[in-house]
Amino acid sequence: MTSPSPGGYDPRHFDKLFELEAQSFWFRGRSDLINWALDKHFPSARSFLELGCGNGYVIDRVRQIHPDWRLVGTELFEEGLAKARIRMPSGVELTQLDATTNPYDAEFDVVGAFDVIEHIEAAPAVLAGMYQAVKPGGGLLVTVPQHKWLWSEADVAAHHVKRYTRRELAGELRDAGFELVRVASFVSLLLPAMMASRLLKKDAGNVEEELDMAAPLNKACYAAMRFEGALVRAGVNFPAGGSLLAVARRPL
Ligand SMILES: C[S@@+](CC[C@H](N)C(=O)[O-])C[C@H]1O[C@@H](n2cnc3c(N)ncnc32)[C@H](O)[C@@H]1O
């Protein structure tokens, strides 16, 4: 499939993001948080399914830490899967799949979707599929963009259907049958910079340009993400942030 679906995504983003991901403070900081949550909340996990895995950056970081797990990444667009195969020639099963359909039945310890469900009108169908795919007692990790008031040209360019409130994400997860473990804001310390970039800049629709920053600035942003991550890990709940991380569990 090569054409963007309604909501969906524009597969032309995959090339540029593939160049940026490994260095970008945003991809690294978010992935640090995801891997921490995975190991803290689901320490006995041995299998992991990621929906909408894009270029495979997140699942590759999981693979590096847990090379012996069963790892499956699915993605709507072949362009993303092609990059994921370059990044991970082996060790991860990569499959083309529309996340609104689910072929798995209670076979993963943890399922995840990172910055995916906000692209899909039928997000509740995706969450219902994730509920089916994860084992009873298993875990769910989801990240989404936060705050309606932060909506900008960048969301339009990214093919977002919406940005979430904390209450809305919690409600969709509960409606799908999950028990919430934690919903945490992140990109909180950098929120003022994000607001300036998104709401004040003329060319705010150029998502890649926002991430393609000079190395010293990228390093400083990553330091802020690391400091913030340490606070989140210590239990601090920021009242606001560019994104939300939800941790939930399918009841036994
Ligand atoms: C912002 S990207 C995130 C990619 C990856 N999860 C990451 O965090 O690097 C959104 C991803 O969702 C995928 N996506 C959008 N609609 C989808 C659908 N219906 N089924 C599967 N993937 C979908 C896009 O193709 C894209 O790879």
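Analyst: **Helix packing in the predicted model**

The cover over the buried residues of helix 3 includes helix 2 (25-41), strand 1 (47-51), strand 2 (70-75), helix 4 (78-87) and strand 4 (108-114). Helices (H or I, at least four residues) and strands (E, at least two) are DSSP runs, numbered from the N terminus. The model is predicted: local features need pLDDT of at least 70 and side-chain atom pairs count only at pLDDT 80 or more, while totals for chains, interfaces and linings use all residues. Residues are numbered from 1 along each chain as its sequence is written.

Helix 3 itself spans residues 57-65, and its buried residues are Tyr 57, Val 58, Ile 59, Asp 60, Val 62 and Arg 63. A residue is buried if 20 or more other C-beta atoms, placed from the backbone, lie within 10 Å of its own, exposed if 12 or fewer, and partly exposed in between.

Helix 2, one of the elements covering helix 3, also packs on helix 10: their axes (lines fitted to C-alpha atoms over the stretch in contact) come within 9 Å and cross at roughly 20° (on a scale of 0 to 180 degrees between N-to-C directions). The two helices are therefore roughly parallel (under 35 degrees). The contact (C-beta atoms, placed from the backbone, within 7 Å) involves Phe 25, Arg 28, Gly 29, Asp 32, Leu 33 and Trp 36 of helix 2, and Asn 218, Cys 221, Tyr 222, Met 225, Arg 226, Gly 229, Val 232 and Arg 233 of helix 10. Seven of these residues are nonpolar (Ala, Val, Leu, Ile, Met, Phe, Trp, Tyr, Cys or Pro), four are charged (Asp, Glu, Lys or Arg) and three are polar (the others, Gly among them).

Phe 227 also belongs to helix 10, residues 215-233. Phe 227 is exposed, because 12 other C-beta atoms lie within 10 Å. Phe 227 and Ser 152 lie 27 Å apart, C-alpha to C-alpha, and 75 residues apart in sequence.

In a second pair, helix 5 (residues 123-133) and helix 7 (residues 166-175) pack at about 50°, their axes 9 Å apart.

Methods:
Two residues are in contact if their C-beta atoms, placed from the backbone, lie within 7 Å. Angles under 35 degrees count as roughly parallel, over 145 as roughly antiparallel, 65 to 115 as roughly perpendicular and the rest as oblique.
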